[in-house]
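Please keep the sequence and the structure in view while you read.

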Amino acid sequence: MRRAPWFSLLLILLSLVVQVSSIDDSYVQCERVVNKWAKLSAENVKREDKLTLRDLLFFLHIPRTGGRTYFQCFLKKLYSFDQECARSYDKIRFNPSKPNCNVVATHDDYSLISKLPEDKTSVVTILRDPIERVFSTYEFAVEVAARFLVHPNLTSALETSNRVRRKSSTMVSTLDIWPWKYLVPWMREDLFARREASKLGKLKRNVFSDVYNTEDVAMPLHEFINHPAAHELIHNGITFQVAGLTNNSYLDDAHEVQQCVRKHPSLGQLVLGIAKGRLDQMLYVGLTEDHKKSARMFASMVGAQILARSKSTPDSQPESSKQTDVESVQAVPEKPVEENNHTASIEDEVSTANANPPKKILTEEQLMEEYQECVENLRNAQMRRRYISLKRIYPVNFTSQARGLVPEPVLEEMRNLNSLDMQLYLHAQSIFMQQQILMDNLEKQNLQLAKQVSAEIEAPWNYVLLLMVLVPVFLFLMVVMLRRRTSKLKI
(Lines give C-alpha, C1' and ligand atoms only; values in the text may rest on other atoms or scores of the structure.)
Protein backbone atom coordinates (compact mmCIF):
# COMPACT_ATOMS: atom_id res chain seq x y z
CA MET A 1 0.00 0.00 0.00
CA ARG A 2 2.89 2.35 0.74
CA ARG A 3 4.26 1.86 -2.75
CA ALA A 4 1.16 3.39 -4.42
CA PRO A 5 2.00 7.09 -3.68
CA TRP A 6 5.59 6.60 -4.84
CA PHE A 7 4.40 4.87 -7.98
CA SER A 8 1.98 7.75 -8.74
CA LEU A 9 4.76 10.27 -8.15
CA LEU A 10 7.02 8.36 -10.52
CA LEU A 11 4.33 8.39 -13.20
CA ILE A 12 3.90 12.15 -12.78
CA LEU A 13 7.66 12.71 -13.08
CA LEU A 14 7.82 10.54 -16.20
CA SER A 15 4.89 12.47 -17.70
CA LEU A 16 6.67 15.78 -17.04
CA VAL A 17 9.88 14.46 -18.62
CA VAL A 18 7.95 13.38 -21.71
CA GLN A 19 6.22 16.77 -21.95
CA VAL A 20 9.51 18.67 -21.59
CA SER A 21 11.10 16.40 -24.18
CA SER A 22 8.15 17.02 -26.52
CA ILE A 23 8.46 20.78 -26.05
CA ASP A 24 12.18 20.61 -26.73
CA ASP A 25 11.61 18.55 -29.88
CA SER A 26 8.98 21.04 -31.04
CA TYR A 27 11.30 23.98 -30.45
CA VAL A 28 14.23 22.31 -32.21
CA GLN A 29 12.05 21.49 -35.21
CA CYS A 30 10.64 25.02 -35.34
CA GLU A 31 14.08 26.55 -34.95
CA ARG A 32 15.26 24.51 -37.94
CA VAL A 33 12.25 25.61 -40.04
CA VAL A 34 12.55 29.31 -39.17
CA ASN A 35 16.34 29.36 -39.62
CA LYS A 36 16.04 27.77 -43.05
CA TRP A 37 13.45 30.34 -44.13
CA ALA A 38 15.47 33.23 -42.68
CA LYS A 39 18.64 32.11 -44.49
CA LEU A 40 16.90 31.89 -47.85
CA SER A 41 15.14 35.22 -47.28
CA ALA A 42 18.36 37.01 -46.29
CA GLU A 43 20.03 35.82 -49.50
CA ASN A 44 17.32 37.56 -51.52
CA VAL A 45 17.72 40.98 -49.89
CA LYS A 46 18.87 43.58 -52.43
CA ARG A 47 22.12 45.43 -51.96
CA GLU A 48 21.98 47.81 -54.93
CA ASP A 49 21.03 51.49 -55.13
CA LYS A 50 17.59 51.55 -53.54
CA LEU A 51 16.81 55.21 -54.23
CA THR A 52 16.41 54.81 -57.98
CA LEU A 53 12.93 53.85 -59.17
CA ARG A 54 12.99 50.65 -61.19
CA ASP A 55 10.65 49.58 -63.97
CA LEU A 56 7.96 48.16 -61.64
CA LEU A 57 6.64 49.80 -58.47
CA PHE A 58 5.22 47.38 -55.87
CA PHE A 59 3.13 49.23 -53.29
CA LEU A 60 2.93 46.86 -50.32
CA HIS A 61 -0.29 48.09 -48.73
CA ILE A 62 -0.54 47.18 -45.07
CA PRO A 63 -4.24 47.37 -44.09
CA ARG A 64 -5.39 50.38 -42.03
CA THR A 65 -2.39 52.58 -42.77
CA GLY A 66 -4.07 55.04 -45.17
CA GLY A 67 -2.58 53.29 -48.18
CA ARG A 68 -5.73 53.55 -50.26
CA THR A 69 -5.29 57.31 -50.29
CA TYR A 70 -1.83 56.89 -51.80
CA PHE A 71 -3.19 54.54 -54.42
CA GLN A 72 -6.16 56.67 -55.38
CA CYS A 73 -4.67 60.15 -54.98
CA PHE A 74 -1.05 59.51 -55.98
CA LEU A 75 -0.58 56.37 -58.05
CA LYS A 76 -3.80 56.70 -60.06
CA LYS A 77 -2.62 60.16 -61.09
CA LEU A 78 0.94 59.08 -61.82
CA TYR A 79 0.19 55.91 -63.79
CA SER A 80 -2.31 55.31 -66.60
CA PHE A 81 -4.70 52.35 -66.65
CA ASP A 82 -2.49 50.45 -69.10
CA GLN A 83 0.41 50.79 -66.71
CA GLU A 84 -1.43 49.13 -63.81
CA CYS A 85 -0.82 45.42 -63.31
CA ALA A 86 -4.00 43.38 -63.55
CA ARG A 87 -6.44 42.99 -60.67
CA SER A 88 -4.83 45.07 -57.98
CA TYR A 89 -6.90 44.87 -54.74
CA ASP A 90 -10.06 43.31 -56.09
CA LYS A 91 -9.16 39.66 -55.57
CA ILE A 92 -7.30 37.86 -52.82
CA ARG A 93 -5.03 36.52 -55.60
CA PHE A 94 -4.58 38.68 -58.67
CA ASN A 95 -2.64 37.99 -61.83
CA PRO A 96 0.54 40.11 -62.00
CA SER A 97 1.46 38.87 -65.48
CA LYS A 98 -0.11 41.73 -67.46
CA PRO A 99 2.58 42.67 -70.01
CA ASN A 100 4.47 45.94 -69.61
CA CYS A 101 2.72 46.95 -66.39
CA ASN A 102 4.52 49.40 -64.12
CA VAL A 103 2.65 49.45 -60.81
CA VAL A 104 1.22 46.86 -58.41
CA ALA A 105 -0.81 48.01 -55.39
CA THR A 106 -2.18 45.25 -53.20
CA HIS A 107 -2.70 43.79 -49.73
CA ASP A 108 -0.69 40.76 -50.79
CA ASP A 109 2.38 40.36 -48.60
CA TYR A 110 6.04 40.63 -49.58
CA SER A 111 6.05 37.07 -50.94
CA LEU A 112 4.40 38.48 -54.07
CA ILE A 113 7.91 39.60 -55.04
CA SER A 114 8.51 35.97 -56.05
CA LYS A 115 5.97 36.50 -58.86
CA LEU A 116 7.57 39.75 -60.04
CA PRO A 117 10.89 40.59 -61.75
CA GLU A 118 12.72 41.18 -58.47
CA ASP A 119 15.76 42.89 -60.01
CA LYS A 120 13.46 45.38 -61.78
CA THR A 121 11.05 46.04 -58.87
CA SER A 122 11.07 48.86 -56.31
CA VAL A 123 8.98 48.42 -53.15
CA VAL A 124 7.25 51.13 -51.11
CA THR A 125 5.05 50.86 -48.04
CA ILE A 126 3.48 52.77 -45.13
CA LEU A 127 3.58 51.72 -41.48
CA ARG A 128 1.35 52.76 -38.60
CA ASP A 129 1.63 52.64 -34.84
CA PRO A 130 0.68 48.99 -34.13
CA ILE A 131 -1.79 49.76 -31.33
CA GLU A 132 -3.58 52.37 -33.44
CA ARG A 133 -3.69 49.87 -36.30
CA VAL A 134 -5.35 47.23 -34.08
CA PHE A 135 -7.92 49.82 -32.99
CA SER A 136 -8.59 50.78 -36.60
CA THR A 137 -8.87 47.16 -37.72
CA TYR A 138 -11.44 46.42 -35.03
CA GLU A 139 -13.39 49.60 -35.84
CA PHE A 140 -13.44 48.94 -39.56
CA ALA A 141 -14.53 45.32 -39.16
CA VAL A 142 -17.41 46.49 -36.96
CA GLU A 143 -18.27 49.36 -39.31
CA VAL A 144 -18.47 47.23 -42.48
CA ALA A 145 -20.34 44.43 -40.72
CA ALA A 146 -22.86 46.96 -39.37
CA ARG A 147 -23.86 47.88 -42.93
CA PHE A 148 -25.58 44.52 -43.22
CA LEU A 149 -27.83 45.18 -40.21
CA VAL A 150 -30.28 46.92 -42.52
CA HIS A 151 -31.50 43.37 -43.24
CA PRO A 152 -33.95 41.66 -40.86
CA ASN A 153 -31.68 38.65 -40.31
CA LEU A 154 -28.33 37.16 -41.30
CA THR A 155 -29.83 34.85 -43.92
CA SER A 156 -31.39 37.78 -45.76
CA ALA A 157 -28.12 39.74 -45.59
CA LEU A 158 -26.12 36.85 -47.05
CA GLU A 159 -28.62 36.14 -49.83
CA THR A 160 -28.84 39.78 -50.90
CA SER A 161 -25.08 40.29 -50.78
CA ASN A 162 -24.36 37.16 -52.82
CA ARG A 163 -27.05 38.03 -55.38
CA VAL A 164 -25.69 41.54 -55.93
CA ARG A 165 -22.12 40.29 -56.28
CA ARG A 166 -23.13 37.59 -58.76
CA LYS A 167 -25.10 39.96 -60.96
CA SER A 168 -22.55 42.76 -61.15
CA SER A 169 -19.14 42.35 -62.72
CA THR A 170 -18.42 46.04 -62.22
CA MET A 171 -18.56 46.02 -58.42
CA VAL A 172 -15.86 45.36 -55.87
CA SER A 173 -16.75 44.03 -52.45
CA THR A 174 -14.69 44.45 -49.33
CA LEU A 175 -15.46 40.76 -48.82
CA ASP A 176 -13.13 39.97 -51.73
CA ILE A 177 -10.17 41.77 -50.18
CA TRP A 178 -7.73 40.27 -47.69
CA PRO A 179 -7.98 40.32 -44.68
CA TRP A 180 -11.53 41.67 -44.69
CA LYS A 181 -12.87 38.59 -46.45
CA TYR A 182 -12.19 36.79 -43.15
CA LEU A 183 -12.74 39.51 -40.54
CA VAL A 184 -15.97 41.07 -41.82
CA PRO A 185 -18.04 37.84 -42.09
CA TRP A 186 -16.90 36.87 -38.60
CA MET A 187 -17.93 40.27 -37.19
CA ARG A 188 -21.15 40.33 -39.23
CA GLU A 189 -22.27 37.01 -37.78
CA ASP A 190 -21.44 38.25 -34.28
CA LEU A 191 -23.44 41.49 -34.72
CA PHE A 192 -26.54 39.64 -35.89
CA ALA A 193 -26.24 37.18 -32.99
CA ARG A 194 -26.02 40.01 -30.46
CA ARG A 195 -28.96 41.83 -32.03
CA GLU A 196 -31.14 38.72 -31.80
CA ALA A 197 -30.03 38.06 -28.22
CA SER A 198 -30.93 41.63 -27.25
CA LYS A 199 -34.38 41.26 -28.81
CA LEU A 200 -34.96 38.12 -26.75
CA GLY A 201 -33.87 39.92 -23.59
CA LYS A 202 -30.76 37.79 -23.17
CA LEU A 203 -28.55 40.86 -23.27
CA LYS A 204 -29.44 44.05 -21.43
CA ARG A 205 -28.54 47.50 -22.70
CA ASN A 206 -25.74 48.88 -20.56
CA VAL A 207 -25.04 52.48 -19.72
CA PHE A 208 -21.40 52.68 -20.73
CA SER A 209 -18.60 55.12 -21.29
CA ASP A 210 -16.28 52.65 -23.02
CA VAL A 211 -17.61 52.07 -26.56
CA TYR A 212 -15.02 49.31 -26.99
CA ASN A 213 -16.77 47.22 -24.34
CA THR A 214 -20.40 46.99 -25.41
CA GLU A 215 -21.38 43.34 -25.16
CA ASP A 216 -25.02 44.04 -25.94
CA VAL A 217 -24.17 45.74 -29.26
CA ALA A 218 -20.83 44.54 -30.63
CA MET A 219 -17.97 42.24 -29.74
CA PRO A 220 -15.87 43.91 -27.02
CA LEU A 221 -12.34 44.85 -27.98
CA HIS A 222 -10.75 42.63 -25.33
CA GLU A 223 -12.67 39.65 -26.73
CA PHE A 224 -11.71 40.59 -30.29
CA ILE A 225 -7.97 40.77 -29.64
CA ASN A 226 -7.93 37.39 -27.90
CA HIS A 227 -9.83 35.53 -30.62
CA PRO A 228 -7.86 33.02 -32.76
CA ALA A 229 -8.77 35.03 -35.88
CA ALA A 230 -7.03 38.09 -34.45
CA HIS A 231 -3.92 36.04 -33.71
CA GLU A 232 -3.97 34.70 -37.26
CA LEU A 233 -4.67 37.94 -39.13
CA ILE A 234 -3.90 40.98 -36.98
CA HIS A 235 -1.30 40.63 -34.22
CA ASN A 236 2.23 41.28 -35.48
CA GLY A 237 0.54 41.55 -38.87
CA ILE A 238 2.88 44.30 -40.10
CA THR A 239 5.95 42.16 -39.45
CA PHE A 240 4.41 39.07 -41.03
CA GLN A 241 3.24 41.02 -44.09
CA VAL A 242 6.65 42.62 -44.69
CA ALA A 243 8.27 39.22 -44.09
CA GLY A 244 5.84 37.55 -46.51
CA LEU A 245 4.35 35.19 -43.92
CA THR A 246 0.62 35.99 -43.78
CA ASN A 247 -2.05 33.38 -44.47
CA ASN A 248 -2.23 35.04 -47.89
CA SER A 249 1.41 34.21 -48.67
CA TYR A 250 2.74 32.74 -51.91
CA LEU A 251 5.38 30.77 -49.97
CA ASP A 252 4.67 27.10 -49.29
CA ASP A 253 6.29 27.15 -45.83
CA ALA A 254 4.78 30.46 -44.70
CA HIS A 255 2.10 28.89 -42.50
CA GLU A 256 4.58 26.60 -40.75
CA VAL A 257 7.02 29.45 -40.08
CA GLN A 258 4.25 31.69 -38.74
CA GLN A 259 2.90 28.97 -36.45
CA CYS A 260 6.37 28.25 -35.10
CA VAL A 261 6.86 31.93 -34.26
CA ARG A 262 3.50 32.09 -32.51
CA LYS A 263 4.30 28.93 -30.59
CA HIS A 264 7.87 29.98 -29.72
CA PRO A 265 7.95 33.82 -29.59
CA SER A 266 11.74 33.95 -29.25
CA LEU A 267 12.01 32.77 -32.87
CA GLY A 268 10.18 35.93 -33.88
CA GLN A 269 13.45 37.87 -33.74
CA LEU A 270 14.63 36.04 -36.87
CA VAL A 271 11.46 37.11 -38.71
CA LEU A 272 11.83 40.64 -37.34
CA GLY A 273 15.40 40.81 -38.64
CA ILE A 274 14.29 39.90 -42.17
CA ALA A 275 11.45 42.44 -42.03
CA LYS A 276 13.84 45.19 -40.91
CA GLY A 277 16.23 44.32 -43.73
CA ARG A 278 13.44 44.57 -46.28
CA LEU A 279 12.35 47.97 -44.99
CA ASP A 280 15.97 49.11 -45.28
CA GLN A 281 15.98 48.16 -48.97
CA MET A 282 12.69 49.82 -49.89
CA LEU A 283 12.54 52.91 -52.08
CA TYR A 284 10.25 54.65 -49.60
CA VAL A 285 8.80 54.00 -46.13
CA GLY A 286 6.00 56.28 -44.92
CA LEU A 287 4.33 56.75 -41.53
CA THR A 288 0.58 57.14 -41.08
CA GLU A 289 1.00 59.29 -37.97
CA ASP A 290 3.17 61.78 -39.89
CA HIS A 291 0.99 61.86 -42.97
CA LYS A 292 1.71 65.35 -44.29
CA LYS A 293 5.48 64.86 -44.24
CA SER A 294 5.05 61.35 -45.62
CA ALA A 295 2.97 62.58 -48.54
CA ARG A 296 5.45 65.32 -49.40
CA MET A 297 8.30 62.83 -49.11
CA PHE A 298 6.51 60.35 -51.39
CA ALA A 299 5.96 63.08 -53.98
CA SER A 300 9.66 63.99 -53.88
CA MET A 301 11.22 60.53 -53.64
CA VAL A 302 8.82 58.54 -55.82
CA GLY A 303 6.47 60.88 -57.63
CA ALA A 304 9.25 63.08 -59.02
CA GLN A 305 10.93 60.07 -60.65
CA ILE A 306 7.67 58.87 -62.20
CA LEU A 307 6.91 62.37 -63.47
CA ALA A 308 10.39 62.66 -64.97
CA ARG A 309 9.84 59.44 -66.91
CA SER A 310 6.42 60.62 -68.07
CA LYS A 311 7.91 63.84 -69.41
CA SER A 312 10.64 61.96 -71.25
CA THR A 313 8.08 59.72 -73.01
CA PRO A 314 4.90 61.81 -73.36
CA ASP A 315 3.72 59.99 -76.48
CA SER A 316 3.50 56.69 -74.63
CA GLN A 317 0.59 57.74 -72.42
CA PRO A 318 -2.72 56.16 -73.58
CA GLU A 319 -6.15 57.70 -73.36
CA SER A 320 -7.22 55.58 -70.42
CA SER A 321 -10.51 57.33 -69.73
CA LYS A 322 -12.30 55.22 -72.34
CA GLN A 323 -11.39 51.93 -70.66
CA THR A 324 -13.82 50.32 -68.26
CA ASP A 325 -12.39 46.82 -67.99
CA VAL A 326 -13.45 44.94 -64.87
CA GLU A 327 -9.80 44.83 -63.82
CA SER A 328 -9.89 48.60 -63.36
CA VAL A 329 -12.33 48.31 -60.45
CA GLN A 330 -11.27 50.40 -57.48
CA ALA A 331 -12.81 50.73 -54.06
CA VAL A 332 -12.98 54.13 -52.40
CA PRO A 333 -9.66 54.49 -50.57
CA GLU A 334 -8.84 55.03 -46.97
CA LYS A 335 -8.14 58.59 -45.94
CA PRO A 336 -4.84 59.31 -44.27
CA VAL A 337 -5.29 59.17 -40.51
CA GLU A 338 -4.00 62.41 -39.08
CA GLU A 339 -3.80 63.17 -35.37
CA ASN A 340 -7.25 62.59 -33.83
CA ASN A 341 -9.19 61.71 -36.96
CA HIS A 342 -10.24 58.08 -37.26
CA THR A 343 -12.77 58.11 -40.10
CA ALA A 344 -10.95 56.02 -42.71
CA SER A 345 -12.94 53.37 -44.56
CA ILE A 346 -13.22 51.41 -47.76
CA GLU A 347 -16.47 51.37 -49.71
CA ASP A 348 -18.17 48.02 -49.71
CA GLU A 349 -19.12 48.23 -53.36
CA VAL A 350 -18.44 50.83 -56.05
CA SER A 351 -18.88 51.11 -59.79
CA THR A 352 -16.03 51.23 -62.28
CA ALA A 353 -17.62 54.08 -64.22
CA ASN A 354 -15.17 56.95 -64.76
CA ALA A 355 -12.65 55.13 -62.59
CA ASN A 356 -9.75 55.98 -64.90
CA PRO A 357 -9.50 59.63 -65.96
CA PRO A 358 -6.75 60.54 -68.43
CA LYS A 359 -3.33 60.80 -66.85
CA LYS A 360 -1.91 64.31 -67.05
CA ILE A 361 1.71 65.35 -67.10
CA LEU A 362 2.11 67.19 -63.79
CA THR A 363 4.80 69.02 -61.91
CA GLU A 364 5.62 67.93 -58.38
CA GLU A 365 3.75 70.91 -56.92
CA GLN A 366 0.70 70.24 -59.10
CA LEU A 367 0.77 66.61 -57.97
CA MET A 368 0.63 67.69 -54.32
CA GLU A 369 -2.20 70.14 -55.03
CA GLU A 370 -4.28 67.45 -56.75
CA TYR A 371 -3.44 64.99 -53.97
CA GLN A 372 -4.70 67.33 -51.26
CA GLU A 373 -7.91 68.02 -53.16
CA CYS A 374 -8.45 64.30 -53.73
CA VAL A 375 -7.88 63.55 -50.03
CA GLU A 376 -10.41 66.15 -48.97
CA ASN A 377 -13.09 64.71 -51.26
CA LEU A 378 -12.44 61.19 -50.03
CA ARG A 379 -12.47 62.28 -46.40
CA ASN A 380 -15.95 63.79 -46.75
CA ALA A 381 -17.33 60.71 -48.51
CA GLN A 382 -15.83 58.37 -45.94
CA MET A 383 -17.15 60.35 -42.98
CA ARG A 384 -20.67 60.13 -44.40
CA ARG A 385 -20.25 56.42 -45.03
CA ARG A 386 -19.06 55.75 -41.51
CA TYR A 387 -21.77 57.86 -39.93
CA ILE A 388 -24.48 55.87 -41.71
CA SER A 389 -22.90 52.55 -40.71
CA LEU A 390 -22.43 53.34 -37.03
CA LYS A 391 -25.98 54.68 -36.71
CA ARG A 392 -27.11 51.05 -36.88
CA ILE A 393 -25.21 50.21 -33.70
CA TYR A 394 -25.90 53.42 -31.76
CA PRO A 395 -24.59 54.55 -29.28
CA VAL A 396 -21.27 53.09 -30.46
CA ASN A 397 -19.16 55.90 -31.94
CA PHE A 398 -15.45 55.37 -32.38
CA THR A 399 -13.34 58.47 -31.71
CA SER A 400 -9.86 59.30 -30.45
CA GLN A 401 -11.43 60.33 -27.15
CA ALA A 402 -13.11 56.92 -26.87
CA ARG A 403 -9.79 55.19 -27.44
CA GLY A 404 -8.39 57.10 -24.51
CA LEU A 405 -10.97 55.47 -22.21
CA VAL A 406 -9.86 51.90 -22.95
CA PRO A 407 -8.43 50.39 -19.73
CA GLU A 408 -4.64 50.20 -19.47
CA PRO A 409 -4.61 46.37 -19.00
CA VAL A 410 -6.25 45.99 -22.43
CA LEU A 411 -3.73 48.36 -24.01
CA GLU A 412 -0.85 46.52 -22.37
CA GLU A 413 -2.17 43.22 -23.68
CA MET A 414 -2.33 44.71 -27.18
CA ARG A 415 1.31 45.82 -26.87
CA ASN A 416 2.39 42.36 -25.76
CA LEU A 417 0.49 40.68 -28.59
CA ASN A 418 2.16 43.01 -31.09
CA SER A 419 5.69 43.15 -29.70
CA LEU A 420 7.32 42.42 -33.07
CA ASP A 421 5.30 45.16 -34.76
CA MET A 422 6.25 47.61 -32.00
CA GLN A 423 9.95 46.95 -32.68
CA LEU A 424 9.51 47.13 -36.45
CA TYR A 425 7.66 50.42 -36.15
CA LEU A 426 10.55 51.93 -34.20
CA HIS A 427 12.86 50.82 -37.01
CA ALA A 428 10.52 52.41 -39.57
CA GLN A 429 10.62 55.68 -37.63
CA SER A 430 14.41 55.59 -37.84
CA ILE A 431 14.25 55.03 -41.61
CA PHE A 432 11.76 57.88 -41.92
CA MET A 433 14.13 60.24 -40.11
CA GLN A 434 16.96 59.22 -42.46
CA GLN A 435 14.71 59.89 -45.44
CA GLN A 436 13.83 63.29 -44.02
CA ILE A 437 17.52 64.17 -43.61
CA LEU A 438 18.17 63.00 -47.16
CA MET A 439 15.31 65.11 -48.50
CA ASP A 440 16.48 68.16 -46.54
CA ASN A 441 19.99 67.76 -47.94
CA LEU A 442 18.66 67.38 -51.46
CA GLU A 443 16.53 70.51 -51.06
CA LYS A 444 19.60 72.42 -49.82
CA GLN A 445 21.64 71.17 -52.75
CA ASN A 446 18.89 72.11 -55.18
CA LEU A 447 18.62 75.55 -53.58
CA GLN A 448 22.38 76.09 -53.83
CA LEU A 449 22.36 74.89 -57.42
CA ALA A 450 19.49 77.24 -58.22
CA LYS A 451 21.42 80.13 -56.68
CA GLN A 452 24.51 79.25 -58.72
CA VAL A 453 22.52 79.02 -61.92
CA SER A 454 20.80 82.29 -61.07
CA ALA A 455 24.15 83.92 -60.41
CA GLU A 456 25.53 82.61 -63.70
CA ILE A 457 22.48 83.92 -65.51
CA GLU A 458 22.61 87.26 -63.70
CA ALA A 459 26.33 87.79 -64.36
CA PRO A 460 26.01 88.48 -68.14
CA TRP A 461 22.99 90.67 -67.48
CA ASN A 462 25.01 92.68 -65.00
CA TYR A 463 27.50 93.42 -67.75
CA VAL A 464 24.69 94.30 -70.12
CA LEU A 465 23.20 96.66 -67.57
CA LEU A 466 26.59 98.25 -67.01
CA LEU A 467 27.02 98.74 -70.74
CA MET A 468 23.53 100.17 -70.99
CA VAL A 469 24.54 102.78 -68.43
CA LEU A 470 28.03 103.47 -69.76
CA VAL A 471 27.13 103.73 -73.45
CA PRO A 472 24.71 106.68 -72.99
CA VAL A 473 27.23 108.39 -70.74
CA PHE A 474 29.95 107.86 -73.32
CA LEU A 475 27.72 109.18 -76.11
CA PHE A 476 26.76 112.18 -73.99
CA LEU A 477 30.41 113.01 -73.38
CA MET A 478 31.17 112.63 -77.08
CA VAL A 479 28.37 115.05 -77.95
CA VAL A 480 29.64 117.58 -75.40
CA MET A 481 33.18 117.37 -76.73
CA LEU A 482 32.01 117.76 -80.33
CA ARG A 483 30.00 120.85 -79.40
CA ARG A 484 33.04 122.42 -77.73
CA ARG A 485 35.19 121.83 -80.81
CA THR A 486 32.51 123.29 -83.04
CA SER A 487 32.25 126.43 -80.92
CA LYS A 488 36.06 126.95 -81.08
CA LEU A 489 36.07 126.68 -84.86
CA LYS A 490 33.40 129.38 -85.17
CA ILE A 491 35.51 131.81 -83.15
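## The chain as a whole

What percentage of the 491 residues of the protein chain count as buried? In this model, which is predicted rather than determined by experiment, the share of residues that count as buried is 47%. The protein chain contains 15 helices and four strands, and its accessible surface comes to about 25,400 Å², with 57% of that area belonging to carbon and sulfur atoms.

The contacts also say something about how the chain is arranged.

## The nonpolar cores

The largest nonpolar core has 75 residues, and within it Leu 57 and Leu 127 touch the most other members. Helix α11, which covers residues 291-312, gives this core its largest share, namely eight residues. Apart from this core there is a second, separate one of 45 residues, and Ile 131, Phe 224, Leu 233 and Leu 417 are among its members.

## Three disulfides

A search of the whole structure finds three disulfides, and if the bonded cysteines are numbered in sequence order, the pairing is 1-5, 2-6, 3-4. One of the disulfides is formed by Cys 30 and Cys 260, whose sulfur atoms are 2.3 Å apart, and with -75° about the S-S bond this link is left-handed. Cys 30 lies in helix α1 (residues 3-43) and Cys 260 in helix α9 (residues 254-263), so the pair ties together parts that are 230 residues apart in sequence. Both Cys 30 and Cys 260 are buried.

Another disulfide joins Cys 73 to Cys 374, with an S to S distance of 2.0 Å, and the link of Cys 73 and Cys 374 is left-handed, with -65° about the S-S bond. Here the distant parts of the chain that are linked are helix α2 (residues 67-78), which holds Cys 73, and helix α12 (residues 364-391), which holds Cys 374, and the two cysteines are 301 residues apart. Cys 73 is buried, as is Cys 374. The remaining pair is Cys 85 and Cys 101, with sulfur atoms 2.1 Å apart; because the torsion about their S-S bond is about 75°, this disulfide is right-handed. Cys 85 and Cys 101 both sit in the loop between α2 and β2, 16 residues apart. Cys 85 counts as buried at 3% relative accessibility, and Cys 101 counts as buried at 13%.

## A nonpolar patch on the surface

Which residues form a nonpolar patch on the surface? The patch is made of Leu 467, Val 471, Phe 474, Leu 475, Met 478 and Met 481, which together have about 570 Å² of accessible area. Met 481 lies in helix α15, which covers residues 419-490. Is Met 481 buried or partly exposed? Its relative accessible area is 43%, so Met 481 is partly exposed, a class that lies between the limits of under 20% for buried and over 50% for exposed.

Methods:
Residues numbered from 1 in each chain as written. Predicted model: local features only at pLDDT ≥ 70, side-chain atom pairs only at ≥ 80, totals over all residues. Heavy atoms only, no water. Core = buried A, V, L, I, M, F, W, Y, C linked by side-chain atoms within 4.5 Å. Buried < 20%, exposed > 50% of the residue type's maximum accessible area, 1.4 Å probe, protein only. Patch = residues over 30% accessible without salt bridge, like charges linked within 9 Å, V, L, I, M, F, W, Y side chains within 5 Å. Areas by Shrake-Rupley, 256 points an atom, 1.4 Å probe, with all protein chains shown as cover. Salt bridge = Lys/Arg side-chain N within 4 Å of Asp/Glu carboxyl O. Disulfide = S-S within 2.5 Å.
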